[in-house]
Amino acid sequence: MKREAITIMICAAVLCVSAGCEKKKEKEKPTYSVAQVQMQNSGSYEDALKECFNASYSLGGGEVFYEYMYPDAAIEAMKAAGQFETLVETFNHGQETRIGQNDEKLTFDKVTESHNINDTQQAAVKKYFKSMCEPFVQEVTEDQFNVSEGYEVNYSYLRNGEEGGIDTVLVVKLNDEGWKVITG
């Protein structure tokens, strides 16, 4: 039941992020380097999770964040339709706003517990990635997604250098795309 709830929350979060577009005011944007995925094809799910987490809580991390969230087929289709850049800009703008409104700095701490996903979770992962692709890719099936490794991971994070909390995610190696992170 908990796994189904996580899957539903993930889908709801993605819909909220993609539907939360608003017209931006013209203003000077902060300067930051363009983040690129470096650890997605790493042998370590821990390194990939850390990179995804840090990208999601830093300026300019939208592209890295979505590279970990969506299957490559969906990203390529969004790019071809001119939607991916808008999605990344919306995410980055949200981070600029969030970071500008408070001075909390969230950073990845460590993996506190992990275990292999079971067959039920693996089926849910395939269903999840199918649902992520459906708006952008025609005729996608769950059989197109091969999960060669997968872990349910509890990790801790820091808020301004002090204990911030613990969260749970699924980290899976999908097809030949490297690690993907499913948050909830």
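The following legends describe close-up views of a predicted model.

Local features require a pLDDT of at least 70 and side-chain atom pairs a pLDDT of 80 or more, whereas totals for chains, interfaces and linings use all residues. Residues are numbered from 1 along each chain as its sequence is written, and side-chain values use heavy atoms, with hydrogens and water left out.

**View A. The aromatic pair F65 and Y66.** Across the whole structure, a search finds 15 aromatic pairs; rings of Phe, Tyr and Trp (its six-membered ring) pair if their centres lie within 6.5 Å, and planes under 30 degrees apart count as stacked, over 60 as edge-to-face and the rest as tilted. The ring centres of F65 and Y66 are 5.2 Å apart and the planes stand at 70 degrees, so this pair is edge-to-face. F65 is buried at a relative accessible area of 15%, and Y66 is buried at 4% (buried means under 20% relative accessible area, exposed over 50%, partly exposed in between; 1.4 Å probe, protein chains only).

**View B. The aromatic pair Y151 and W179.** With ring centres 6.2 Å apart and planes at 45 degrees, Y151 and W179 form a tilted pair. The pair links distant parts of the chain, 28 residues apart: Y151 lies in strand β2 (residues 147–159) and W179 in strand β4 (residues 178–182). Helices (H or I, at least four residues) and strands (E, at least two) are DSSP runs, numbered from the N terminus. Y151 is buried at 16% relative accessibility, and W179 is buried at 0%.

**View C. An aromatic cluster.** Ring pairs join F53, Y57, F108, Y155 and Y157 into a cluster. One of these residues, F53, is also among the buried residues of helix α2.

**View D. Helix α2 and its surroundings.**

**View E. The hairpin of β3 and β4.** The two strands pair in the antiparallel sense over 5 bridges; pairing requires that DSSP find at least two bridges between strands. The bridge partner of L174 is G178 in β4. The hairpin has 3 residues between its strands, and N175 takes a positive phi near 45 degrees. In β4, 5 of the 5 residues are buried, so the strand is largely enclosed by the rest of the structure.

Technical notes. Contact means heavy atoms within 4.5 Å.
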